[in-house]
Amino acid sequence: MPNCARVVNLTDGQRLELERRAKSRELTQRQIERAHIVLLAAGGLPGREIARRVGCSEPTVVLWRRRFEEEGLAGLRERRWGSRARPGAFMNVSAE
C-alpha cells in the first residue's frame, strides 16, 4: 500500500510567515524546525520524508502538522506546562 502524504493547505499569508520563520536568525531552532515541517507538509511530502529532511522523528512531524491544522500559526508556539507535571515524568513517590 503506498504511503499517502497528508497535505497541509496554507493561505498566502501563512506561507509568507512560515517562510520568514524558516529563515529567521532570531527564533529558536525548534520554532524554525516547526516552520520547515509545515512548509514541507504543504508541499505534499510524506511524514517520513519530512522527518528525514528536517532531522526529527516522524511523530514530531505528525504532532506539528496536526497542531497547525487545528490552530494555525498559533499552534506552533511554545507551550508551558505550568505547575502540572509533564506527562510521563517520574513523580517522587515513596514506597511504603
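In what order do the elements of the protein chain run from the N terminus on? They run α-α-α-α. The model is a predicted one. Its secondary structure comes to four helices and zero strands.

**The chain as a whole**

The protein chain has 96 residues, and buried residues make up 30% of them. Its accessible surface is about 7300 Å², with 50% of that belonging to carbon and sulfur atoms. Among contacts with a separation of 6 or more, 52% come from residues 24 or more positions apart.

Two packed helices are described by the angle between their axes and the distance between the axes.

| Pair | Angle | Axis distance |
|---|---|---|
| H2 (residues 29–42) and H4 | about 80° | 9 Å |
| H3 (residues 47–54) and H4 (residues 58–71) | roughly 105° | within 8 Å |

An angle of about 80° between H2 and H4 makes H2 roughly perpendicular to H4, because angles of 65 to 115 degrees count as such. On the H2 side, the contact is made by Glu33, Arg34, Ile37, Val38 and Ala41; on the H4 side, by Thr60, Val61, Trp64, Arg65 and Phe68. These residues divide into six nonpolar, one polar and three charged.

H3 and H4 cross at roughly 105°, which means that H3 is also roughly perpendicular to H4. Here Gly47, Arg48, Ile50 and Ala51 of H3 meet Glu58, Val61 and Arg65 of H4. This contact divides into three nonpolar, one polar and three charged residues.

Val61 and Arg65 of H4 take part in the contact with H2 and in the contact with H3.

Technical notes
Residues are numbered from 1 along each chain as its sequence is written. This is a predicted model: local features need pLDDT of at least 70, side-chain atom pairs count only at pLDDT 80 or more; totals for chains, interfaces and linings use all residues. Side-chain values use heavy atoms; hydrogens and water are left out. Axes are lines fitted to C-alpha atoms, for helices over the stretch in contact, and angles run from 0 to 180 degrees between N-to-C directions. Helices (H or I, at least four residues) and strands (E, at least two) are DSSP runs, numbered from the N terminus. Angles under 35 degrees count as roughly parallel, over 145 as roughly antiparallel, 65 to 115 as roughly perpendicular and the rest as oblique. Contact means heavy atoms within 4.5 Å. Ala, Val, Leu, Ile, Met, Phe, Trp, Tyr, Cys and Pro count as nonpolar, Asp, Glu, Lys and Arg as charged, and the others, Gly among them, as polar. Buried means under 20% relative accessible area, exposed over 50%, partly exposed in between (1.4 Å probe, protein chains only). Accessible areas come from the Shrake-Rupley method with a 1.4 Å probe; for residues, only the protein chains shown count as cover.
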